[in-house]
Amino acid sequence: MGARCYYVYILASRIGGTLYIGVTNDIIRRVAEHKSKVIESFTEKYDVARLVYFEQFDDPENAIKREKRVKKWNRAWKVRLIEKDNPNWDDLYPGIAGPP
């Protein structure tokens with residue numbers, strides 16, 4: 001069995017829009033759930049489904065610590081984190097999920 005990966009991710013409704021920060025061990029499945037809006041949630045209510053940032057971790061504890069830390073940041077820091085690698089707030093999901 002291969003090493004398990006954990007992800008901290010940020011979803012946005014649009015450029016400069018509402019943000020959602022989460023943690024998962026299967027980023028493709030989790031973002032697909034957000035995009036399909038099958039679960040009544042914050043992301044479904046505010047149409048937050050554009051994957052604009054993610055980080056990968058080998059250890060779940062470190063991923064959870066990072067998620068909690070980023071959630072406490074002010075909005076400007078979160079925007080800077082996104083725009084450092086994704087200045088146009090492009091949806092990164094197609095690039096990691098591959099063709100449908």
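Mentor: Let us begin with R66 and E55, whose side chains are joined by a polar contact of 2.7 Å; please keep in mind that this is a predicted model.

Trainee: What makes the pair of R66 and E55 a polar contact?

Mentor: The cut-off for a pair of N or O atoms is 3.5 Å, and the side chains of R66 and E55 are joined at 2.7 Å, so the pair lies within the limit and is called a polar contact.

Trainee: Why is R66 called buried?

Mentor: Buried means under 20% relative accessible area, and R66 has 15% relative accessibility, so R66 counts as buried. R66 belongs to helix α3, residues 60-72, and, leaving aside neighbours within four places in sequence, R66 is in contact with V8, Y53, E55, F57, W73 and L81.

Trainee: How do you know that H34 is buried?

Mentor: The relative accessible area of H34 is 3%, and the limit is under 20%, so H34 is buried. H34 sits in helix α1, residues 27-36, and, not counting residues up to four places away in sequence, H34 touches Y9, L11, Y20, T43, V48 and A49.

Trainee: Turning to the rings, how many aromatic pairs does the rule give?

Mentor: The count comes to five aromatic pairs. One of them is formed by F42 and Y46, with 4.8 Å centre to centre and 40° between the planes.

Trainee: Why is the pair of F42 and Y46 called tilted?

Mentor: Planes under 30 degrees apart count as stacked and over 60 as edge-to-face, with the rest called tilted; the planes of F42 and Y46 are 40° apart, so the remaining label, tilted, applies. Ring pairs also link Y9, Y20, F42 and Y46 into a cluster.

Trainee: What makes F42 and Y46 partly exposed?

Mentor: Partly exposed covers what lies between buried, under 20%, and exposed, over 50%. F42 has 37% relative accessibility, so F42 counts as partly exposed, and Y46, at 41%, likewise counts as partly exposed.

Trainee: How do you know that β1 and β2 pair?

Mentor: Pairing needs at least two bridges, and six bridges join strand β1, residues 6-12, to strand β2, residues 19-24, which run antiparallel; therefore the two strands pair. Within this pairing, I10 has I21 in β2 as its bridge partner. The hairpin of β1 and β2 has six residues between the strands, and G16 takes a positive phi near 70° there.

Notes:
Residues numbered from 1 in each chain as written. Predicted model: local features only at pLDDT ≥ 70, side-chain atom pairs only at ≥ 80, totals over all residues. Heavy atoms only, no water. Helix = DSSP H or I, 4+ residues; strand = E, 2+ residues; numbered from the N terminus. Buried < 20%, exposed > 50% of the residue type's maximum accessible area, 1.4 Å probe, protein only. Contact = heavy atoms within 4.5 Å. Phe/Tyr/Trp six-rings, centres within 6.5 Å; stacked < 30°, edge-to-face > 60°. Polar contact = N/O pair within 3.5 Å; in protein donor to acceptor, adjacent residues only side chain to side chain.
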